[in-house]
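Work through the exercises below with the coordinates open. Each task is followed by a solution in steps.

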Amino acid sequence: MKKHWWKALALILVSYTILAGLLMDAPRLYLLNETIRNLHFHVTMWFGMVILLTISMVYALKYLRTNNPIFDDKSVEMAKIGVLMGVLGIITGAIWANYTWGEPWSGDTKQNAAAICLLIYFAYLVLRNSMQDEQQKARVSGVYNIFAYAAMIPLLFILPRLDPNSLHPGNGGNPGFNSYDLDSKLRVIFYPAVIGWTLMGVWLANLRIRTRQIERALED
Amino acid sequence: MKKFLTLIFLCFSLAVVAQEGAYEITDDSYKDQTVEMADVMRDNGKIYVVVAVIMVLFIGLSLYTISIDRKLGKVEKEVFKEKVNS
């Protein structure tokens, strides 16, 4: 039971996110209206993705240092769930944008950068599948993983801020969140939401990592 | 047979009791705000209903995830025990 506490925490936090995110008072803002509540669902997907891809990159480094295949397994599965969250983030973002910015894809810098970032990670998954040899696959994709991570940081955190016309809040030379998009009442839900969704992702990745371990055990 | 008769008489007597306590229901009864009803689910543009639906979905998917986790745990036990023995 001891090692399962974080799964329970994930379920509790996501339940809290749904209940509080939909029911608690939200600031009444022009154009956004009730959609400000998407903060707890759409934005958290991206936060979760960045955290999971960071974990993935750390495991890629660990693999390259030790050559222990378990680190490669962890690295891939974390990246897969991270990419899934990114895809969900881009779809939910398009829905949100459709009703607030007027069209699902307005070529906003952050939208484009996020799409490029996802493409880089899609390439990572394709690259893995293109190689037969297990060790070569793990080494090459581990190196690529680090490159992909290094490309993601400027794409998501630097480029959008250089564009003064970006539609996303917190951009246009304006780093981080400001009072407009995140006040203390929203934070109380937003931060637990980030932790909850991330833990859910880690849990799903964990299931697949364990499946891979069983497969390995059955192979030899 | 006795039981059956008792049951029938019981039903009749219940019907009588119900009729004695009955009062007329009119259209106004539906608008009477002095009587408290379980209105929470209908308040605020019925948002609570949506929340209930989403929560049911989330709980269902969570339970399924938990069951996968447990199943995997069992398989793990079997496979890794076998490995130690062989």
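**Exercise 1.** State how many helices and strands chain B has, and what share of its residues is buried.

Solution. Chain B comes to two helices and zero strands, where helices (H or I, at least four residues) and strands (E, at least two) are DSSP runs, numbered from the N terminus. Of the 86 residues in chain B, 0% are buried. A residue is buried if 20 or more other C-beta atoms lie within 10 Å of its own, exposed if 12 or fewer, and partly exposed in between, with C-beta atoms placed from the backbone.

The model is predicted: local features need pLDDT of at least 70, side-chain atom pairs count only at pLDDT 80 or more, and totals for chains, interfaces and linings use all residues. Residues are numbered from 1 along each chain as its sequence is written, while chains are lettered from A and ligands numbered from 1 in the order in which they are written.

**Exercise 2.** Describe the fold content and the dimensions of chain A.

Solution. Chain A has six helices and zero strands. Its radius of gyration is 19 Å, close to the 17 Å that the globule rule gives for 220 residues, so chain A is as compact as a globular protein of that length. The radius is taken over C-alpha atoms, and the rule is 2.2 Å times the number of residues to the power 0.38. Along the principal axes, the C-alpha atoms fill a box of roughly 60 × 45 × 25 Å. Buried residues account for 34% of the 220 residues in chain A.

**Exercise 3.** Determine how α2(A) is oriented relative to α3(A), and then α5(A) relative to α3(A).

Solution. Two packed helices are described by the angle between their axes and the distance between the axes. Axes are lines fitted to C-alpha atoms, for helices over the stretch in contact, and angles run from 0 to 180 degrees between N-to-C directions.

Step 1. Helix α2 (residues 42–66) of chain A and α3(A) pack at about 160°, with axes 7 Å apart. That makes the pair roughly antiparallel, given that angles under 35 degrees count as roughly parallel, over 145 as roughly antiparallel, 65 to 115 as roughly perpendicular and the rest as oblique.

Step 2. Helix α3 (residues 69–100) of chain A and helix α5 (residues 134–162) of chain A have axes that come within 11 Å and cross at roughly 50°. α3(A) and α5(A) are therefore oblique to each other.

Step 3. In the second pair, P69(A), D72(A), S75(A) and A79(A) of α3(A) meet A138(A), G142(A) and N145(A) of α5(A). Two residues are in contact if their C-beta atoms, placed from the backbone, lie within 7 Å.

**Exercise 4.** Is G201(A) buried or exposed, and which residues does G201(A) contact?

Solution. G201(A) is in helix α6 of chain A. With 23 C-beta neighbours inside 10 Å, G201(A) counts as buried. Leaving aside neighbours within four places in sequence, its contacts are G48(A), L52(A), I81(A) and M85(A). The C-alpha atoms of G201(A) and A10(A) are separated by 9.2 Å, although these residues are 191 apart along the chain.

**Exercise 5.** Where does N67(A) lie, and what is its phi?

Solution. Most residues other than glycine have a negative phi. N67(A) has a positive phi of about 65° although it is not a glycine. N67(A) lies in the loop between α2 and α3 of chain A. With 13 other C-beta atoms within 10 Å, N67(A) is partly exposed.
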